[in-house]
Protein chains: 4
Amino acid sequence: MVIVMKENATAQQISDVADKLHEFGLDVHQVDGVQRTILGAIGDVGSVDKREFEVMEGVFEVHRISEPYKLAGRTFHAEDTIIKVGDAVFGGDQVTVIAGPCSIESEHQLFTIAKAVKDAGAKVLRGGAFKPRTSPYAFQGMGEEGLKLLKAASQEFNIPTITEIMRENQLDICLEYVDILQVGARNMQNFPLLTELGKTRKPVFLKRGMAARIEELLMAAEYIMAGGNYQVILCERGIRTFENYTRNTLDISAIPVVKKLSHLPIVADPSHGTGIRSKVAPMARAAVAAGADGLAIEVHHDPDHAKSDGPQSLYPQQFARLMEEVRMIAWAIGRKID
Amino acid sequence: MVIVMKENATAQQISDVADKLHEFGLDVHQVDGVQRTILGAIGDVGSVDKREFEVMEGVFEVHRISEPYKLAGRTFHAEDTIIKVGDAVFGGDQVTVIAGPCSIESEHQLFTIAKAVKDAGAKVLRGGAFKPRTSPYAFQGMGEEGLKLLKAASQEFNIPTITEIMRENQLDICLEYVDILQVGARNMQNFPLLTELGKTRKPVFLKRGMAARIEELLMAAEYIMAGGNYQVILCERGIRTFENYTRNTLDISAIPVVKKLSHLPIVADPSHGTGIRSKVAPMARAAVAAGADGLAIEVHHDPDHAKSDGPQSLYPQQFARLMEEVRMIAWAIGRKID
Amino acid sequence: MVIVMKENATAQQISDVADKLHEFGLDVHQVDGVQRTILGAIGDVGSVDKREFEVMEGVFEVHRISEPYKLAGRTFHAEDTIIKVGDAVFGGDQVTVIAGPCSIESEHQLFTIAKAVKDAGAKVLRGGAFKPRTSPYAFQGMGEEGLKLLKAASQEFNIPTITEIMRENQLDICLEYVDILQVGARNMQNFPLLTELGKTRKPVFLKRGMAARIEELLMAAEYIMAGGNYQVILCERGIRTFENYTRNTLDISAIPVVKKLSHLPIVADPSHGTGIRSKVAPMARAAVAAGADGLAIEVHHDPDHAKSDGPQSLYPQQFARLMEEVRMIAWAIGRKID
Amino acid sequence: MVIVMKENATAQQISDVADKLHEFGLDVHQVDGVQRTILGAIGDVGSVDKREFEVMEGVFEVHRISEPYKLAGRTFHAEDTIIKVGDAVFGGDQVTVIAGPCSIESEHQLFTIAKAVKDAGAKVLRGGAFKPRTSPYAFQGMGEEGLKLLKAASQEFNIPTITEIMRENQLDICLEYVDILQVGARNMQNFPLLTELGKTRKPVFLKRGMAARIEELLMAAEYIMAGGNYQVILCERGIRTFENYTRNTLDISAIPVVKKLSHLPIVADPSHGTGIRSKVAPMARAAVAAGADGLAIEVHHDPDHAKSDGPQSLYPQQFARLMEEVRMIAWAIGRKID
């Protein structure tokens, strides 16, 4: 914590600030310049609200000098975290692709798509059973029935699975049927849910909220890790901006930024990141080129009749072509897609 | 739904679109201009995803022609909804002020503040028992103990209360101790929680998410109302923008916009909307001047030692002065604060 | 400038940073904590790019410790600047209203509106002669002919005037005919234009750009002031956000923020800030309640036939009613509208 | 233009709207549904402000049914525009790289960098002589002296050049010395400058403004093209969002969106798009993977002593390595870098 005092700060004000820093158990160093005084406090300020100092008399500015996260950051864990789920590997030199329908709709639908994406090279099968819908009148998912189908597809095609968990009381059932638990963008700061997930030992796929800064995404990961579950896969899925041609603005630059700040793998979701089928492939390629550890892609064999997100789902043949392209791009930057 | 075809759309493409509109049970009207054809579909398109048409061949643009919400909108309910909780009235010509500490910390703290805000004219006492904190290492609230204190303060000072509910399993306990249930900004699209609140008959105070469009705020209200609970008080608490001097940008214009689109009362929260004590009073005055039905203000008798949000809490005497100012402003625009 | 070194920074890296700070003529203080070293550099760092240090080896974070502006800030000029133009006063306890049509269209139009706004209490008459239009095919303004009408109206109704200047070569003509020169939002960072305006001694009305942070608005004022022209009136006119119901989000909180950081007067423009007639009055009231030194309002006697911005122009009677409301609000917060 | 009337709109209101549409010379079609009436107006509505209808009595919503741009859009010009400048080609299957220093500082500096970037495969040399700086106290560029050096470097290394023009009166001098005229982000809506550039026949490199929607970028191109200059190269250089880790958020998705809407080539500028050296290469690769027609990259042989933007400039060897990577990525998606 660095506290910059105003030019006309009094000795009393300076000492009040120093006292408050000491209250937090911090070591205080004072620098008296010609124009102004700066107080530097070194130590763990993890949960101190810097505004506590900003409102004090005589204070000009306050800066934190450390990240608020610990377990999620590279400072305390320099090496890349590598998460293995069956044959799928997140982190390292692999680029791993998750694919499948937005919603699980029927055995026929799920198996058809599962076969297609597995054949094209996907390593994890996705499928939603509990759907967060903006409208209370829209299709809300098949629930447990859907999870059973997902488990069956997993066994049939020998592929691990991922599904979104929306509420704490779905935890047991999700743990029973799937391999990776997804936290949706709207739940990125559902702290009770994150806390519960921290108690499990299954990998968590954590999507960035629409208005979340990268630091907040890492703090959400910290919630899970603070419970002892270190298997967190981050996901960039688009942020909300003034541009309204696309549904969201997929923040590709978050990929290299996260790679620098954190040891956790980061995956991109160009399907939700754009909301438009024809933009999914270009953005998937861009994400891999920028260094993403993986992709999450919605695929449907009959998107015109999909119960949700059909317009952003790729046809199986589009997905297969995309896999070829990203395979070459991965290779061009020294990575690989098995 | 209005579907604008491309200039070179074929007859087949036009008829495919018309067929798909019919599939949704919509009545289709076709307008053939010199340059292009437009298809107008009239009927209830509540849960149709317009992208389903945008991806069809030959389609240039798609526009919805009705709001996705019904119960929350003025179209089906023209008169202002008025919600009464004890002596507090939300809606109509009253401007009603909610005040109290961010977190309940002790009986002494809560009662001291409760007395001060009641004396100054607040009609509802706020106090958090379950705190959503960005850091897993920060104070998480007193829990049920805090709710008991809130109930005691309510009885002691004869004032109704509000607290934030963070998870579904807190519902019973919250119903037992408080009068209004608050949904925080991070939970605005926690659909399972909204659904549960829709089953109760207690007023819900619904805060706008940091990245939520006004339409989405109304859709979140719709979730609650679809369950039969029509007592929803909306709250503008700031949106996230590129401006970083303030924590959030309090969107004052949302107040007149919501008043036009919806019959539900709307309250402003300048404490979270700015995050800075010295900006709370100006923004509170602005909100009342713009037509807000109420204010929610954080007050603390000793903010330097508050366990959360001290830097944005008003001192009791600042709150009392603010009440005088907003009383006059309310009067200036033909409203009143009893 | 405060440079926080990484925990594992080497002595060489620390000394390289110190050397670079010395290169900029800064006084360097070193604080060696248990975990990391901090270098504090005190002195004038006005034009140093902090990224120059961020990219150095061993550097963790860099923070500036002073505003980049000087003349526009309160540090060097604590008292409010008061700008007088005829009977109009910007700054101090007055709230001053600028009103008039978006574009000057004809003598009849301008005189009709001028009379109406003057009668209702406006102190400055606005009218555009050079119009920045998003479309090259839209009405571009009457040019010098319009300015002559503005001058004539000024004399007829004894009211000072303001018009927008779009390019440097319009300066002479504008200086000849009008009293205040307006810089539009799109030109807030047209640095050559700002530099030219800095050489004049006429008041400049500087509108905040759609994507400009408050600091950048003050830096744009600094450009003008660096040339010796200290008469700058700032204007908040809405920023661009993801909310698309309103054209822009009028950032009311910028008003108290600017009042704290700068001694320059700040005016709000709710007409462009919302783009919707029915939202102009609520936002105008909000701006005055938040402490604005003035308002700029578009008024038209026949907005249905206005050549630009008719939909956001008030009718004269609406403007007169608004003046009554803001007069009372100004009084409620201890200010006045003569 | 599609006008959706309110459910309770009167016959008079409907006919008023129809009359107003006729005033604009539009052909009106009326669809009477059970619940409401829709008016469709087909024709050229290029410069009609849709709010003119939104404020009319009985109107619920208004939608435009055509883009406001014509010359810049694919509707009227389906084939890709290809712009040739010496050996450089923008558009088609080539990916063309512009590189060079932010500011021209000396002959030694410029020639050193020019040789390096040409050797690595850049096809156009960039260099700023007139610098738009946020601070009036910062280096403002070498002016004409710089342009002379740029011309000399162009001849020495046989490479065409680009420089930024900031004001109209720099046009003649820029035309004399350089091959492509750049319009900076802050000038994207400097309409007088765009108009002047429309009168020349030199290619214009038009950067997207920080808060500009894609549609507005295309409208700015329209300004230039309306003057008869069809050689416009668009440039995505980052938009302003709430994320503050990067200077701007490079909107990679704008690349495929622009490719669909417009026939003009689009180039990405990852240097300004991120503002951080270590993020330039990943984002450059991403842009090419997403389909960009080119890149604009800042390179400096001694960035620690650059007079501007050193921290975002690549070292020559980093640039050379990046060229190898993007060459392979271009090839992976069926394009090429000669």
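Author: A salt bridge is a side-chain nitrogen of Lys or Arg within 4 Å of a carboxyl oxygen of Asp or Glu. The model shown here is a predicted one.

Reader: By this rule, what does the count of salt bridges over all chains come to?

Author: The rule asks for a side-chain nitrogen and a carboxyl oxygen within 4 Å of each other. Applied over all chains, it gives a count of 79 salt bridges.

Reader: With which residue does A:Arg36 form a salt bridge?

Author: A:Arg36 lies in the loop between strand S2 (27-32) and strand S3 (37-42) of chain A. Its partner is 29 residues apart from it, in the loop between strand S1 (2-5) and helix H1 (11-23) of chain A, so that the pair links distant parts of the chain. The closest N and O atoms are 3.4 Å apart, and the partner is A:Glu7.

Reader: In which helix do B:Arg327 and B:Glu324 both lie?

Author: These residues form a salt bridge, with their closest N and O atoms 3.8 Å apart. B:Arg327 is partly exposed at 25% relative accessibility, and B:Glu324 is partly exposed with a relative accessible area of 43%. They are 3 residues apart, about one turn of the helix, and the element that holds both is helix H11 of chain B.

Reader: How far apart are the closest N and O atoms of B:Glu54 and B:Lys50?

Author: B:Glu54 is partly exposed, with a relative accessible area of 34%. B:Lys50 is partly exposed as well, with a relative accessible area of 30%. The two form a salt bridge, and the distance between their closest N and O atoms is 3.0 Å.

Reader: Which residues are linked with A:Arg167 in a network of salt bridges?

Author: A network of salt bridges may be read from its members, and this one holds residues of chain A and chain B. Linked with A:Arg167 are B:Glu168, B:Glu196 and B:Lys199.

Reader: Let us turn to two of the chains. What rotation superposes chain B on chain C?

Author: Two copies of a chain are related by a rotation about an axis and a shift along it. For chain B and chain C the shift along the axis is 0.0 Å, and the RMSD is 0.0 Å. The two copies are thus related as by a two-fold rotation axis. In chain B, the C-alpha nearest that axis is that of B:Ala286, 1.9 Å from it, and the rotation is 180°.

Reader: How much area do chain B and chain C bury between them?

Author: The size of an interface is often given as the accessible area lost when the parts come together. The contact takes 36 residues from chain B and 36 residues from chain C. In chain B, the residues that lose the most area to chain C are B:Arg213, B:Phe242 and B:Tyr245, together 19% of what that side buries. Of the total, 71% is on carbon and sulfur atoms, and the area buried is about 3100 Å².

Reader: How many salt bridges are counted between chain B and chain C?

Author: One salt bridge between these chains joins the side chains of C:Glu243 and B:Arg208, at 2.8 Å from N to O. There are also 8 residue pairs in polar contact between the two chains. The count of salt bridges is 2.

Reader: Which element gives the largest share of the side of chain B that touches chain C?

Author: By class, this side of chain B has 21 nonpolar, 6 polar and 9 charged residues. The elements that give two or more residues to it are helix H8 (254-261), helix H10 (277-289) and helix H11 (316-332) of chain B. The largest share is 6 residues, and it comes from H10(B).

Reader: Is C:Ala99 buried or exposed?

Author: C:Ala99 lies in strand S7 (residues 96-100) of chain C. Beyond its neighbours within four places in sequence, its contacts include C:Val117, C:Ile297 and C:Phe319. The C-alpha atoms of C:Ala99 and C:Phe319 are separated by 8.9 Å, although the residues are 220 apart along the chain. At 0% relative accessibility, C:Ala99 counts as buried.

Notes. Residues numbered from 1 in each chain as written. Chains lettered and ligands numbered in written order. Predicted model: local features only at pLDDT ≥ 70, side-chain atom pairs only at ≥ 80, totals over all residues. Heavy atoms only, no water. Least-squares fit on C-alpha atoms with pLDDT ≥ 70 in both. Contact = heavy atoms within 4.5 Å. Buried area = accessible area lost by both parts, 1.4 Å probe. Polar contact = N/O pair within 3.5 Å; in protein donor to acceptor, adjacent residues only side chain to side chain. Helix = DSSP H or I, 4+ residues; strand = E, 2+ residues; numbered from the N terminus. Nonpolar A, V, L, I, M, F, W, Y, C, P; charged D, E, K, R; others polar. Buried < 20%, exposed > 50% of the residue type's maximum accessible area, 1.4 Å probe, protein only.
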